[in-house]
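Biologist: I am new to this structure. Please walk me through how to read it.

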Amino acid sequence: MSGQAKIFVALFSGINVGGNRIVKMAELRSFFEELGFRDVATYVQSGNVVFRSAKGDAATLTKQLETAFEKKWGFHSRIMVRDLGWFERLVAENPYPEVAGEPTKLHAYVLERAPNADEVARLAEKCTGPERFEIRGDVLYLHAPEGLGKSVFANLIPRTLKVPGTARNWRTVQALLDKAGRGG
């Protein structure tokens with residue numbers, strides 16, 4: 001096996017929400033280690049894992065992890081795997097740098113694919129409150145000045161856009177980049 005191990009971030013959706021589908025982070029770390037990944041680190045309960053892999057790209061690792069996860073825990077969790085360079089770009093391209101200091105009001109939705117123009121236009125029609133959003137490639141940046149919990153628009157995003165994704169607040173984004181940048 002040649003080549004340098006690359007750093008990846010895996011974002012799980014639908015675990016540890018409202019007391020359902022409980023996955024302990026220590027068990028999740030062990031799960032990654034059992035699959036042969038190195039320097040595994042988790043961040044908060046929503047399922048964020050930084051790890052190193054010597055083989056595979058993000059798409060291959062996503063399939064491998066989703067299959068193994070479902071086998072072990074008995075339910076499906078959509079997992080978004082992205083490499084360190086992708087994460088660095090996500091932070092660098094933040095269209096709302098002026099609100100990065102209020103991390104609970106700025107969110108990044110990691111999308112399975114870049115939405116098309118029609119999907120974006122449909123979503124823009126629904127954005128009638130105080131929120132602002134911008135899509136850059138497969139990331140939707142959302143500034144919700146009253147916070148995500150109070151945002152009507154945030155609740156409309158998944159079913160309006162219809163592109164699977166998972167949201168993280170800016171504090172989580174920065175913490176993951178920090179962990180990944182240090183190599184876990």
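Predicted model: local features only at pLDDT ≥ 70, side-chain atom pairs only at ≥ 80, totals over all residues.

Biologist: What pLDDT does the chain average?

Modeller: The average is 92, and 96% of the residues score at least 70.

Biologist: How many helices and strands does the chain have?

Modeller: Six helices and eight strands. Along the sequence they run β-α-β-β-α-β-α-β-α-β-β-α-β-α.

Biologist: Why is the chain said to be as compact as a globular protein of its length?

Modeller: Compare the radius of gyration with the globule rule. Here the radius is 16 Å, close to the 16 Å that the rule gives for 184 residues, so the chain is as compact as a globular protein of that length. The C-alpha trace spans about 50 × 35 × 30 Å along its principal axes.

Biologist: What share of the contacts with a separation of 6 or more links residues 24 or more positions apart?

Modeller: That share is 71%. Turning to burial, 47% of the 184 residues are buried.

Biologist: Which residues touch the most other members of the largest nonpolar core?

Modeller: They are V9, L11, F87, L90, W170 and L176, in a core of 23 residues. At least two residues each come from β1, α3, β5, β7 and α6. The top contributor is α6, with five. Take L176 as a case: setting aside neighbours within four places in sequence, L176 contacts V9, L11, Y43, N48, V50 and F87. Another core lies apart, with 21 residues, including V40, W73, F75 and V81.

Biologist: Now a single residue. Is R82 buried or exposed?

Modeller: Judge by relative accessible area; buried means under 20%. R82 has 11%, so R82 is buried. R82 sits in strand β4, residues 79-83.

Biologist: What does the side chain of R82 reach?

Modeller: The backbone oxygen of L111, at 2.7 Å. Not counting residues up to four places away in sequence, R82 touches F8, V9, A58, F87, V110, L111, E112 and D138.

Biologist: And where does S13 lie?

Modeller: In the loop between β1 and α1. Apply the cut-off again: S13 has a relative accessible area of 19%, so S13 is buried. Beyond neighbours within four places in sequence, S13 contacts S77, R78 and T166.

Key: Residues numbered from 1 in each chain as written. Heavy atoms only, no water. Helix = DSSP H or I, 4+ residues; strand = E, 2+ residues; numbered from the N terminus. Buried < 20%, exposed > 50% of the residue type's maximum accessible area, 1.4 Å probe, protein only. Contact = heavy atoms within 4.5 Å. Core = buried A, V, L, I, M, F, W, Y, C linked by side-chain atoms within 4.5 Å. Polar contact = N/O pair within 3.5 Å; in protein donor to acceptor, adjacent residues only side chain to side chain. pLDDT = per-residue confidence, 0-100. Rg over C-alpha atoms; globule rule 2.2 N^0.38 Å.
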